[in-house]
Amino acid sequence: MKAKTFDERSIWWRVGADFLHSRVAVFGLVILALVVLAALAAPWITPQNPYDLMQLDVLDARLHPGTPSSSAGYTYWLGTDGQGRDLYSAIVYGLRISLLVGIGSAAIAAVIGTLVGLLAAYAGGKVDALLMRLVDLLLSFPTILMALMILAYVGKGVGNVVLTLVLLEWAYYARTARGQALVETQREYVEAARGQGIPRWRILTGHILPNCLPPLLVIGALQIARAITLEATLSFLGLGVPITEPSLGLLISNGYQYLLSNEYWISFFPGVALLATIVAINLVGDQLRDVLNPRLQK
Amino acid sequence: MSAEVPTLEVRELQTRFHTRAGVLPVVNGVSFTLGRGKVLGLVGESGSGKSVTGFSIMGLVDPPGVVEGGQVLFQGRDLTRLDDEARRSLRGNRIAMIFQDPMATLNPVLRIDTQMMEAVHAHRQVSNAEARQLATQALARMGIPSPDDRLRAYPHQLSGGMRQRVAIAIALLHGPDLIIADEPTTALDVTIQAQILSEMQTLVRETGMALIWISHDLSVVAGLADEIAVMYAGRIVEHGSVDDVLDHPQHPYTQGLIGSLPSANRKTRQRGARLTQIPGMAPNLLQMPSGCAFAPRCARATAACEAMPDMFRPRAEAPAHQARCFHPGAAVQTMEAAA
C-alpha cells in the first residue's frame with residue numbers, strides 16, 4: 001500500500017483542468033481541432049485536388065452550391081470558383097496554407113522573439129536598449145504597410161509570406177519575454193539559483209524561461225490568429241501566396257469580383273472558414289490567458 | 001597549513017549601496033574569523049547589515065550595492081579578488097547559502113528533482129542518473145521520508161518545513177565547507193524550527209563545516225551558535241562566545257536586545273512584567289552620527305561617544321569578548337533585576 005502524500009499532478013495538468021471549465025473555450029477547441037484535422041487530412045476528404053489544373057474543368061466555372069459536376073462524378077456542395085475549382089476542396093486545401101503560414105510564422109517568431117527578449121534582459125545596458133528600441137520601431141510601423149514593403153522587396157510565395165510575418169511578429173514576443181524575464185529575475189528563486197553556483201545562462205534558460213512561458217503561450221495563440229488574418233489580407237491584396245495555390249485570403253479575393261453579380265459563394269464560404277478558424281483560436285487563446293494568469297484565478 | 005587557516009576570515013568588509021539619495025554604508029568595516037566546525041550567530045535588527053554581510057561573502061550583492069573594501073578570506077583565498085567564474089564555481093559548491101522563505105527560493109514551476117539535478121550539474125560532470133542518486137541521498141540525509149516521491153513533487157505540494165529541508169539538502173549537495181543561513185527558520189513553526197536547528201547542529205558536528213546563522217532572534221542563536229556577533233547600523237558592536245555575550249552583555253544595545261526577549265525560563269519569568277524596549281529607531285544610514293551609531297538611543301552616551309569607539313576588550317576574564325563601546329559593562333537596572 002502506498003499512501004498518496006501529495007497531489008502528484010503537475011501544474012500543466014491543473015491548467016488543462018481549469019481550461020475545460022469554460023464551455024465556450026471547449027467549443028473553440030473542438031472547432032480548432034476539426035479545422036486542423038481537416039487541413040491535415042485534406043487529400044483524403046476532398047473529391048478534387050484544387051491545385052492540379054488537370055482536374056479542373058473550366059466548363060464547371062462559377063456553379064451554384066449543390067450543382068453536380070458535368071464531367072467528374074461528384075457534387076460541388078459549396079459551388080465552384082471562376083476556374084471551375086470545387087470550393088469545398090479549395091477551402092480545405094486553403095486551410096492548410098493558412099494554418100501552415102499562421103502556425104509556422106508564429107512558432108518561428110516565438111523562438112526568435114523569446115531569445116531576443118531573454119538576451120536583452122540578460123545583457124541589460126546598451127544591448128538591452130538597442131534591442132528594445134528596435135522593437136519599438138517595428139511595433140510603431142503600421143503592420144500592413146511594413147508587410148507590403150517587405151513583400152514588395154522579397155517577392156511572393158509561401159516562404160516569403162512566412163518570412164514577412166516572422167519579421168513583423170517577433171517583436172511582440174521579444175517585448176513580453178524581456179518584461180517577464182526582468183520581473184522573474186527579481187524573484188528569490190533566482191537569487192537561490194545563483195547561490196547554488198548555477199551559471200547565469202542556465203539560470204536564464206532553465207529557471208527563468210519556464211516561468212516566462214505562460215504569457216508567451218497566450219501571445220502565441222493570439223499571434224497565430226493574427227498571422228492568418230494578415231496572410232489573408234496580403235493574399236487578398238495580391239501580394240501573398242501564388243494564385244495556383246490559393247489560401248483562404250486568395251479565394252476570398254478571387255470571388256470578390258463576382259459578389260456584385262450575386263455569385264456570393266466564391267467569397268462567402270472561404271470567409272466563413274476563415275472566420276471560424278480565427279474565432280476558435282481567439283476563444284482558446286482567451287481562455288489560456290485566463291487560466292494562466294494567476295491574478296484572474298478563482 | 002590547512003589546519004591553522006580558518007575556514008573564513010572577513011577583514012574590514014565594506015559594502016555600500018549607491019542610491020539616488022546618496023551612498024549607504026550598509027556594511028561598514030565588519031571583521032570576524034570562523035574556524036572549521038564553528039557556528040557564528042550574526043544577530044541584529046532589520047537593516048543592520050547582517051544579510052548584506054552574508055551576500056557580500058557569497059559575492060551575490062546586486063547593484064546598486066558594491067563591495068568596496070576589505071577582504072573575504074575563504075580558506076586563505078581572498079574571494080573579493082576572484083573573477084566571476086571562479087566565484088561561481090565556489091558558490092553552492094564550497095560555500096552554500098540557505099534563505100529565509102523556502103516557498104520563494106524554490107522555483108515554483110520546476111519539480112524538485114529538476115532543481116536538485118541542476119544544482120548537481122552546476123559543479124559536477126555526472127550523468128543524470130548519478131545526479132538523481134545524489135539528490136535522493138541529500139534528501140535522505142535531511143531526514144525526508146520517501147525521498148524518491150518528494151523528488152517528483154512540485155514545491156507547492158510540500159509543507160513549509162519540508163521545503164526548507166529540501167532547500168538545506170540542496171545547500172548540502174556538494175558537502176560545502178561553509179554555509180551561510182539567512183534566517184532559515186524565521187518562516188517556520190516553532191516545532192519545525194527546533195527540528196531543523198537540531199539537524200543543523202548534528203550536521204555541523206559531523207561534517208566540520210562552518211556555519212554563519214543570520215538571525216534577529218537571540219533565542220534561536222543561543223542554542224545553536226558557538227559565537228555571537230551583534231550588528232548595529234553596519235558594524236559589529238559586540239562579539240564573543242555565546243556564554244560571554246548572553247550572560248555578560250557589555251554593549252548597551254546587546255543588553256537592550258536581551259532585555260526585549262520574553263523569557264520562558266521559570267526562574268526569571270514574571271507574569272505581566274513589561275518587556276523592555278530600546279528607545280528610538282535605528283539610525284538613517286544617510287545621516288550616520290560621526291561617533292557611536294547607537295549613542296542617540298543610549299542612556300550611557302556621553303561626550304566621548306561623539307568619537308567612533310573601537311572594539312574594546314572590556315572583561316579581563318574573557319579576552320575574546322569584545323564590545324564597541326566607551327562605557328561597557330553590566331546593565332544598570334533591568335538586567336540586574338533579571339539576574
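This is a predicted model: local features need pLDDT of at least 70, side-chain atom pairs count only at pLDDT 80 or more; totals for chains, interfaces and linings use all residues.
1. B:Gln14 stands opposite B:Gly69, a residue of strand S4 of chain B. The two strands concerned, S1(B) and S4(B), the latter covering residues 65–74, are joined by eight bridges and pair in the antiparallel sense.

2. Strand S1 of chain B, residues 8–19, also pairs with S2(B): ten bridges link S1(B) and S2(B), and the two run antiparallel. Individual pairs can be picked out on the model. B:Leu13 has B:Val30 of S2(B) as its bridge partner, and B:Glu9 has B:Thr33, again in S2(B). S1(B) and S2(B) make a hairpin, with two residues lying between the strands.

3. What is the order of the strands in the open sheet of chain B? The order is S2-S1-S4-S5, four strands with antiparallel pairing. Strand S2 (22–34) and strand S5 (77–78) of chain B are at the edges; each has a single partner strand, so one side of each has no neighbour in the sheet.

4. B:Glu12, which is found in strand S1 of chain B, has phi near 50°, a positive value in a residue other than glycine. The peptide bond from B:Pro63 to B:Pro64 is cis, and its omega is near 10°. B:Pro64 belongs to the loop between helix H1 (50–58) and S4 of chain B.

5. Chain B as a whole has twelve helices and eleven strands. Its C-alpha trace spans about 65 × 50 × 45 Å along the principal axes. How does the radius of gyration of chain B agree with that of a compact globule? A compact globule of 339 residues would have a radius of gyration near 20 Å, and chain B, with 21 Å, agrees with that.

6. Chain A contains eleven helices and two strands. Along the sequence its pattern reads α-α-α-β-β-α-α-α-α-α-α-α-α. Taken along the principal axes, the C-alpha atoms of chain A fill a box of roughly 75 × 60 × 30 Å.

7. Two helix pairs of chain A can be described in detail. Two packed helices are described by the angle between their axes and the distance between the axes. For helix H2 (residues 23–40) and helix H4 (residues 87–123) of chain A, the axes come within 8 Å and cross at roughly 105°. Because an angle of 65 to 115 degrees counts as roughly perpendicular, H2(A) is roughly perpendicular to H4(A). On the H2(A) side the residues are A:Val35, A:Val36, A:Ala38 and A:Ala39; they meet A:Val92, A:Leu95, A:Arg96 and A:Leu99 in H4(A). By class, the residues of this contact of H2(A) with H4(A) comprise seven nonpolar, no polar and one charged.

8. How do H10(A) and H11(A) run, roughly parallel or roughly antiparallel? Helix H10 (residues 248–256) and helix H11 (residues 265–292) of chain A pack at an angle of about 155°, and their axes are 7 Å apart. That angle makes H10(A) roughly antiparallel to H11(A), because angles over 145 degrees are counted in that class. The crossing of H10(A) and H11(A) is left-handed. H10(A) brings A:Leu248, A:Leu251, A:Ile252, A:Asn254, A:Gly255 and A:Tyr256 to the contact, and H11(A) brings A:Ile266, A:Ser267, A:Pro270, A:Gly271, A:Ala273 and A:Leu274. The residues of the contact of H10(A) with H11(A) divide into eight nonpolar and four polar, with no charged residue.

9. The last point concerns the two chains together. How many residues of chain A are in contact with chain B? There are 21 in chain A, in contact with 27 residues of chain B. Helix H8 (188–195) and helix H9 (200–236) of chain A are the elements that give two or more residues to the side of chain A that touches chain B. H8(A) gives the most to that side, with six residues. By class, the side of chain A that touches chain B has seven nonpolar, eight polar and six charged residues.

Notes: Residues are numbered from 1 along each chain as its sequence is written. Chains are lettered from A and ligands numbered from 1 in the order in which they are written. Two residues are in contact if their C-beta atoms, placed from the backbone, lie within 7 Å. Ala, Val, Leu, Ile, Met, Phe, Trp, Tyr, Cys and Pro count as nonpolar, Asp, Glu, Lys and Arg as charged, and the others, Gly among them, as polar. Axes are lines fitted to C-alpha atoms, for helices over the stretch in contact, and angles run from 0 to 180 degrees between N-to-C directions. Angles under 35 degrees count as roughly parallel, over 145 as roughly antiparallel, 65 to 115 as roughly perpendicular and the rest as oblique. A crossing is left-handed if the near helix is turned anticlockwise from the far one by less than a right angle, and right-handed if clockwise. Two strands pair if DSSP finds at least two bridges between them. The radius of gyration is taken over C-alpha atoms; the globule rule is 2.2 Å times the number of residues to the power 0.38.
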